[in-house]
Amino acid sequence: MTTIAYKDGIMAGDTLHTRGGVVMSTIVTKIWRSRSGWLIGLTGYAGMAPKVEAWVENDCANPPPTFAKRSDDGSEGELLVVKPNGQAGIIERHGEWFRVDEPAATGSGYELALGAMAAGASAAEAVQIAMRYDRNSGGEVQVVMLEREATQAEVEAAEGLRVHLCDLDIGVA
């Protein structure tokens with residue numbers, strides 16, 4: 001699945017893509033920021049990424065994509081969404097939204113990430129911890145800030161982690 005965490009205006013996630021226990025890639029983008037500033041983190045079925053990207057490119061204007069349960073491995077997925085005002089929520093596989101308190105996390109390593117953040121870890125540190133113990137989280141740590149993406153120097157100085165920063169231009173003219 002994956003681990004996505006949010007705390008203090010920062011969403012972080014791992015970049016591992018597995019299928020049936022096989023590593024397919026270690027550099028998959030799972031977090032996006034819309035033009036209006038929403039942060040969206042994807043967990044579960046990686047085949048949903050194009051639908052999520054299209055939703056983000058449309059500035060999250062339409063209802064969010066829904067996840068169909070896959071019959072081959074039973075995988076599902078959900079989205080961790082943070083509005084520009086900092087309100088966090090989970091969108092479950094059929095499009096149901098429910099609000100969650102900060103810190104927030106989702107995915108296979110969410111319990112590890114929540115525990116780490118409750119103990120004082122940042123979102124990026126929490127994902128790093130989850131990656132160590134959750135077999136479905138790995139690769140690098142992707143970090144996206146609520147208002148802007150973190151520069152590599154900022155992240156390394158603040159977190160001391162090896163990170164993968166995405167240079168996303170989501171339909172901005």
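**Note on strand pairing and helix packing**

1. Strands β6 (residues 39–44) and β7 (residues 77–82) run antiparallel, and six bridges join them. Within this pair, Leu-39 of β6 faces Val-82 of β7. The model is predicted.

2. What is the strand order in the open sheet? The order is β5-β6-β7-β8-β9. Five strands make up this sheet, and the pairing is antiparallel. The β6 and β7 pair of point 1 belongs here.

3. Which strands lie at the edges? They are β5 (31–33) and β9 (97–100). Each of these pairs on one side only. On average, neighbouring strands of the sheet are turned by 25° against each other, with direction ignored.

4. Now the helices. Two packed helices are described by the angle between their axes and the distance between the axes. Helix α2 covers residues 110–118, and helix α3 covers residues 123–133. Their axes come within 8 Å. The crossing angle is roughly 135°. Angles over 145 degrees would count as roughly antiparallel, and 65 to 115 as roughly perpendicular. The two helices are therefore oblique to each other. The crossing of α2 past α3 is right-handed.

5. Which residues of α2 meet α3? They are Leu-112, Ala-113, Ala-116 and Met-117. On the α3 side, the partners are Ala-123, Ala-126, Ile-129, Ala-130 and Tyr-133. By class, this contact has nine nonpolar residues. It has no polar and no charged residues.

Definitions and conventions: Residues numbered from 1 in each chain as written. Predicted model: local features only at pLDDT ≥ 70, side-chain atom pairs only at ≥ 80, totals over all residues. Heavy atoms only, no water. Axes fitted to C-alpha atoms, helices over the stretch in contact; angles between N-to-C directions. Helix = DSSP H or I, 4+ residues; strand = E, 2+ residues; numbered from the N terminus. Parallel < 35°, antiparallel > 145°, perpendicular 65-115°, else oblique. Left-handed = near helix turned anticlockwise from the far one by under 90°. Contact = heavy atoms within 4.5 Å. Nonpolar A, V, L, I, M, F, W, Y, C, P; charged D, E, K, R; others polar. Pairing = 2+ DSSP bridges.
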